[in-house]
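Here are a few notes to read alongside the model. Have the sequence and the 3D view open as you go through the points.

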Amino acid sequence: MATQRLLGLLDKIRVPLGGEKVFKDECAFSFDNPESDTGLYVCMKTFVGFGRQHVMQYHQKTGNMVYLHLKTIKSKKPKKEDVEAKAKPTRLAIGVEGGFDVEDQNEYDYQDENSIVILPEWDEVPLSNPDLPEKVHLVAAGILTAESASRQDQIAAWDGEKRIISKYADNLKQLDNGVKVPPSGWKCTGCDLKDNLWMNLTDGTILCGRKYFDGTGGNNHALEHFKKTAYPLAVKLGTITASGADVYSYDEDDMVEDPKLAQHLAHFGINMMIMEKTDKTMTELEIDLNSRLAEWDTIQEAGSKLQPMFGPGYTGMRNLGNSCYLNSVMQVIYSIPDFIDKYPKQIEAIFTSSPVDPTSDFNVQMAKLGHGLLSGDYSKQKPSPADAGDDEHKEQGQEGIAPRMFKSLVGRGHPEFSTNKQQDAQEFLLHLVNIVERNSVGSNNPCDCFKFEVEEKIQCVQSKNVRYKNKTDYLLALPIPMEAATNKAEYAAFEEKRKELEAKKERVDPREVVRPCIPLDACLQAFTADEIVEDFYSTALQAKSTACKSTRLASFPDFLFIQLKKFTLGDDWVPKKLDVSVDMSDELDLTAFRGKGLQAGEVELPEGDGPPPPEPQIDESVVDQLVSMGFPREGCRKAVYKTNNSGTEAAMNWVLEHMGDPDFAEPLQLGGAKKAPQASINEEGVAMIQSMGFTRDQAIKALKATDNNVERAADWIFSHMDELDSVPMETEEVGAAAAAGPKCRDGPGKYQLVAFISHMGTSTACGHYVCHIKKDSRWVIFNDRKVAVSEKLPKDLGYLYLYRRI
């Protein structure tokens with residue numbers, strides 16, 4: 001009997017330790033979960049969960065035989081049993097009381113049918129069986145009561161109210177200026193605003209908050225006061241209650257905690273214990289935004305009744321709390337053949353060679369996500385209620401997939417992507433590229449499909465000598481020249497009207513908004529326009545000069561990402577987004593922007609980027625002291641030179657460290673007359689760094705920069721990621737390595753638009769991302785798990801665009 005078999009397997013199972021991750025709500029290889037038709041099988045030794053089609057493979061790899069089978073029957077509650085409307089969130093957090101829930105649990109009834117399964121025979125024993133060994137009960141109870149791994153990640157990633165204690169709180173300076181603040185009737189001392197008011201906790205001045213990009217908010221008077229006085233802390237009036245208030249630190253540039261707030265308020269006559277809330281906190285303002293973003297009506301294509309899409313390639317992705325940037329990027333990534341070929345098409349080989357813990361293997365999770373999006377297994381229309389009409393039936397969406405495991409893995413250790421805050425889609429794309437490249441050492445790198453070279457040419461205006469430098473990039477970031485707008489008169493008239501309405505405290509009708517219209521060609525011209533470089537040191541003249549710098553594309557990739565640089569900083573250093581319309585072409589010819597390299601008749605600038613450093617005078621008296629100790633004079637001269645005449649002790653230490661050098665007694669070469677011989681490549685160090693996921697070229701550059709010290713090279717490479725493509729290659733060995741390494745693909749410069757990602761909001765820190773992808777000759781909008789045929793393509797308002805070579 002199965003229960004008897006379990007007695008012989010008790011040493012093969014264990015109770016999960018406190019805080020140990022238990023993967024009980026998602027398969028490591030697929031998106032099956034306890035609510036799937038076949039449920040989820042959780043290993044009772046490693047606590048990793050698997051769908052039925054993958055659990056046998058894991059058993060064969062590990063020998064683990066005992067699994068807790070989790071099966072949940074989910075059913076829609078009848079209308080008569082509908083509970084009251086879900087309470088509005090009061091806390092900007094996930095998975096905590098008062099916070100957001102990813103799904104509304106009140107809409108469904110859940111019935112659990114859990115059991116113990118023994119492989120390979122698939123013997124099953126209900127968890128309610130009284131004959132189960134006690135240890136089996138304990139392990140099962142430990143798994144069921146443990147916080148799931150994804151829930152742990154969600155809670156750790158986002159609690160929008162978790163704030164640091166200000167470094168100024170303990171010893172905040174407060175002026176004895178006689179200021180007493182009344183409990184109400186406040187007004188900005190710099191203007192007439194009576195809301196969004198902040199009181200400085202040093203001098204009691206009441207001023208209005210920042211102005212938002214859309215013109216609402218305040219007039220920046222509180223910020224300007226900080227710039228003048230450097231008084232760091234301010235409290236938002238109207239949010240003060242007995243339990244606390246919103247406190248902002250201008251110097252720390254964040255919302256903070258002030259443990260002595262009651263004392264600081266009392267200094268200005270404010271009794272915190274009797275104050276009542278009259279204004280929205282910053283958290284409530286953010287919650288309002290996040291709640292609105294969950295409504296399809298606010299982000300669908302305006303005025304369109306969109307037809308939902310289902311099946312392979314039309315799978316939506318659930319929003320895990322501001323994860324729309326990840327959802328949009330991954331949908332576009334898995335429209336590119338190179339990534340499809342690398343991951344989902346190789347899924348069997350990737351899964352077969354996976355480690356014991358597949359939840360932490362990047363290739364496994366990439367293949368899993370790609371298969372989930374492209375297979376159609378999770379893109380099936382949900383059945384509509386029997387009494388639903390045609391309109392309601394059309395609104396029935398799909399379950400989609402929840403990329404919890406993938407998001408946790410790619411964000412692990414990153415200060416931004418490990419959180420549930422909104423992020424920049426462009427930054428996430430480059431972060432993903434970095435991870436893909438690290439995990440593609442020695443194999444096909446799918447990022448090669450959009451990797452290209454940029455050619456920078458700099459020419460000394462006086463000598464006419466030139467220098468060419470190529471660098472690798474993954475997207476073409478184009479500036480937006482506002483002066484190139486083709487509708488300046490119409491936009492100026494709209495701005496006047498907007499200001500008039502604002503003066504009347506009225507809003508502009510969104511249907512009447514006029515945006516500056518910028519031609520794409522103007523953005524390309526701005527990117528390639530000549531730039532004057534002042535104070536340029538010309539190695540041809542051996543003196544300061546002026547140079548002209550120009551930029552071209554040295555190669556054209558198979559797929560070209562274009563980023564419109566819409567996000568910028570205002571004059572007040574507040575991030576904002578340019579609200580513009582860019583005329584993005586369906587077809588693009590970049591042939592005219594190809595770089596041609598060194599041309600006939602051009603003379604290259606001599607090597608070097610600046611004047612040679614002044615050579616220190618050698619203190620011969622120190623040299624004589626060292627020689628008297630029995631050391632060779634030339635070695636002593638080197639010691640004094642290398643230590644910049646710092647004295648006998650410093651020179652003596654240098655001698656002791658370098659007296660074993662083979663060239664210690666050779667004559668000192670001054671003035672760069674003889675270049676020091678290049679250190680040979682430490683092949684063992686190269687191999688060690690390559691094992692960390694870096695290329696041979698990158699490993700050699702890091703070792704060259706750290707005198708072949710492997711430990712220092714590892715630190716250097718992680719802190720100089722942006723320099724890896726710019727460190728000059730000087731040795732023949734490095735040059736050979738570069739020649740043998742993969743080159744950027746190249747071809748004709750004609751392209752066709754195949755996808756774009758759009759952002760709605762005033763900055764990368766807030767708002768929402770959606771993407772449009774051209775599939776089967778029609779455009780499809782992917783808005784988290786909503787997938788539909790596009791009716792009014794907003795291609796002029798995008799942020800990231802993907803073009804495919806024709």
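Predicted model: local features only at pLDDT ≥ 70, side-chain atom pairs only at ≥ 80, totals over all residues.

1. To find cysteine 766 on the chain, look in the loop that joins strand E25 (750-760) to strand E26 (768-775). Then look for glutamine 422: 344 residues separate cysteine 766 and glutamine 422 in sequence, yet their C-alpha atoms are 5.8 Å apart in space.

2. Next, a sheet. It's an open one, built from 6 strands with mixed pairing, and the order runs E8-E13-E12-E11-E9-E10. Strand E8 (164-165) and strand E10 (206-208) are the edge strands, each pairing on one side only.

3. Within that sheet, have a look at strand E12 (residues 247-249) and strand E13 (residues 254-257), which pair in the antiparallel sense over 3 bridges. Which residue in E13 is the bridge partner of tyrosine 248? That's methionine 255.

4. Helix H5 (residues 221-229) lies across strand E9 (197-200) and E10, and runs at about 120° to E10.

5. Last, a helix pair. Helix H12 (residues 362-374) packs against helix H14 (residues 404-411) at an angle of about 140°, and their axes are 10 Å apart. H12 passes H14 in a left-handed crossing. On the H12 side, the contact is made by Phe362, Gln365, Met366, Lys368 and Leu369; H14 brings Met405, Phe406, Leu409 and Val410. Sorted by class, that contact has 7 nonpolar, 1 polar and 1 charged residues.

How values were computed:
Residues numbered from 1 in each chain as written. Heavy atoms only, no water. Pairing = 2+ DSSP bridges. Helix = DSSP H or I, 4+ residues; strand = E, 2+ residues; numbered from the N terminus. Contact = heavy atoms within 4.5 Å. Axes fitted to C-alpha atoms, helices over the stretch in contact; angles between N-to-C directions. Left-handed = near helix turned anticlockwise from the far one by under 90°. Nonpolar A, V, L, I, M, F, W, Y, C, P; charged D, E, K, R; others polar.
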